[in-house]
Amino acid sequence: MLLLRVFSKPQKVSMYLRQIIFEIDSIGISSLPIIAIISVFMGGIIAIQSAHAIESPLVPLYAVGFTTRESIILEFSPTIVCLILAGKVGSNIASEIGAMRITEQIDALEIMGINSAGYLIFPKITAAVFIFPFLIALSMFLGIFGGYLMGVSSGACTSYQYIYGIQAFFEPGKLYYSFTKVIVFAFIITSVSAYFGYNTSGGALEVGKSSTSAVVYSSVLILLFSLILTYLFINR
Amino acid sequence: MIEVRNINKTFGDRQVVKNVSFTFEQGKTNLIIGESGSGKTTILKLMVGLHSLDSGDVIFDGQNFPKLNVKEKQEIRKKIGMLFQGGALFDSQTLEENIRFPLDMFTHLTKEEKNERVNFCLERVKLEGKNKLYPAELSGGMKKRAALARAIANNPGYLFCDEPNSGLDPKTSIIIDALIKDITEEFNITTIIITHDMNSVMEIGENIMFVYKGQNWWTGDKTKILNTDNKELFDFVFASEFMKTFFQKK
């Protein structure tokens with residue numbers, strides 16, 4: 001029912017567009033620093049771990065680059081980064097909308113004759129579905145770059161070997177799989193968090209509970225859909 | 001004019017509004033008074049559709065609000081201005097943006113016309129020059145006045161005020177009351193105020209409904225309220241020692 005109201009015809013398109021731009025900044029741009037830091041470090045860690053695991057002289061050293069790329073593109077960036085975003089963005093959305101509910105700001109919108117669910121939630125979902133793929137693309141790039149920095153500087157492989165590794169056996173279809181997952185996760189994070197925020201009742205304690213529930217349910221659904229999409233991708 | 005006819009509301013097994021009927025007159029300050037928990041706010045929320053009615057009618061100038069479809073309800077709501085108990089200003093917006101919000105949403109005014117209207121509303125509630133402040137930077141009284149400015153921004157036909165004086169000192173309360181009364185008369189709107197502040201009742205009570213245990217227990221105006229022989233209303237009005245002593249002396 002809530003989603004029906006969210007996706008009903010916007011009352012004033014220009015106001016919705018303005019909100020979408022605001023949300024792109026609030027949800028997307030403000031998440032850049034945390035994504036950048038985590039991606040660079042995780043890329044570096046994956047490269048070191050891969051190099052450490054390769055003990056056999058039969059395994060070529062370019063496998064460090066190859067393993068880092070596969071780990072980052074297939075799981076780290078689309079799934080783990082989205083789990084992190086579920087914590088950051090999901091709790092933010094649930095607490096923002098929840099606080100609006102308990103301070104009667106949502107009632108004020110309704111009294112004005114505004115479809116509050118549409119005005120508050122639709123721009124968040126649209127903004128996330130639009131901006132998350134860019135954030136994840138950046139995360140992939142920075143993760144692979146982090147792997148390069150650590151792999152080369154630690155002497156695990158040479159620059160040439162790493163770059164060869166990240167180009168080896170590349171299947172573009174894997175990117176399609178990753179970005180499909182990201183779009184699904186963006187929808188899950190925003191819609192689930194908005195649902196918990198919108199249905200908050202009580203006081204500050206309940207806003208906190210809504211925020212926690214939003215993160216927990218989003219994370220579980222992300223893992224569940226990651227499993228389903230991976231299964232579908234492998235068996236297509 | 002708004003007419004409520006035999007409205008009822010039950011939450012769980014507790015009936016909080018029992019067969020309430022009343023006519024809220026245009027151009028007058030209509031007050032709903034009563035003890036805390038008597039059902040005043042529920043009646044107001046039923047009237048504007050924030051709660052659904054169990055039974056009864058709420059008629060806005062001939063249109064039975066609960067029977068309207070979503071679009072028709074939205075059209076009525078565009079004519080409603082509401083002053084919430086806590087102000088309900090949008091935290092992320094400045095005062096100016098808060099007041100301009102209904103204009104942006106529902107009008108095709110130019111930017112200059114909107115700015116003119118915003119400044120007029122701010123001036124009307126004596127907050128001129130505070131355009132760029134955020135709600136968090138305002139005092140309680142200023143928040144109420146700012147919320148009133150937003151409520152009147154789109155020239156409402158109906159103004160609902162939920163305890164406009166709660167948490168305010170007597171001097172600021174008088175200012176808010178006077179503002180609401182002036183605006184009601186100036187724009188000839190139907191104003192409904194929920195209060196349990198006797199000072200407000202005596203200042204602006206032109207058409208009063210006393211709610212007791214969810215029922216319309218007494219109706220009248222401020223001149224009749226002091227001479228009431230209704231026990232429950234008498235107990236409510238003269239609950240404070242000040243009122244007892246002051247009016248016994250008179």
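Against which helices do the buried residues of α3(A) pack? Let us work towards that step by step. This is a predicted model, in which local features need pLDDT of at least 70 and side-chain atom pairs count only at pLDDT 80 or more, while totals for chains, interfaces and linings use all residues. Residues are numbered from 1 along each chain as its sequence is written, and chains are lettered from A and ligands numbered from 1 in the order in which they are written.

Chain A has nine helices and zero strands; helices are DSSP runs of H or I with at least four residues, strands are runs of E with at least two, and both are numbered from the N terminus. The C-alpha trace of chain A spans about 70 × 35 × 30 Å along its principal axes. Of its 236 residues, 47% are buried, meaning that 20 or more other C-beta atoms, placed from the backbone, lie within 10 Å of the residue's own.

Now to α3(A), residues 32–53. This helix has 22 residues and reaches 31 Å from its first C-alpha to its last, close to the 32 Å expected at 1.5 Å a residue (the expected span is 1.5 Å times one less than the number of residues). Its buried residues include I35(A), S39(A), M42(A), G43(A) and I46(A). Here is the answer to the opening question: the buried residues of α3(A) pack against α4 and α6 (116–153) of chain A.

Those two partners also meet each other. The axes of α4(A) and α6(A) come within 8 Å and cross at roughly 145°, with axes fitted to C-alpha atoms over the stretch in contact and angles running from 0 to 180 degrees between N-to-C directions. Their crossing is right-handed, a term for a near helix turned clockwise from the far one by less than a right angle.

Helix α4 (residues 63–102) of chain A has a further neighbour in α8 (residues 173–198) of chain A, packing at an angle of about 20° with the axes 8 Å apart. The two are therefore roughly parallel to each other, as angles under 35 degrees count as such. This crossing, too, is right-handed.

Finally, look across to the other chain. In all, 13 residues of chain A are in contact with 15 residues of chain B, contact being C-beta atoms, placed from the backbone, within 7 Å. On the side of chain A that touches chain B, the largest share, five residues, comes from helix α5 (residues 105–111) of chain A.

Note on methods
Parallel < 35°, antiparallel > 145°, perpendicular 65-115°, else oblique. Contact = placed C-beta atoms within 7 Å. Buried ≥ 20, exposed ≤ 12 C-beta atoms within 10 Å, placed from the backbone.
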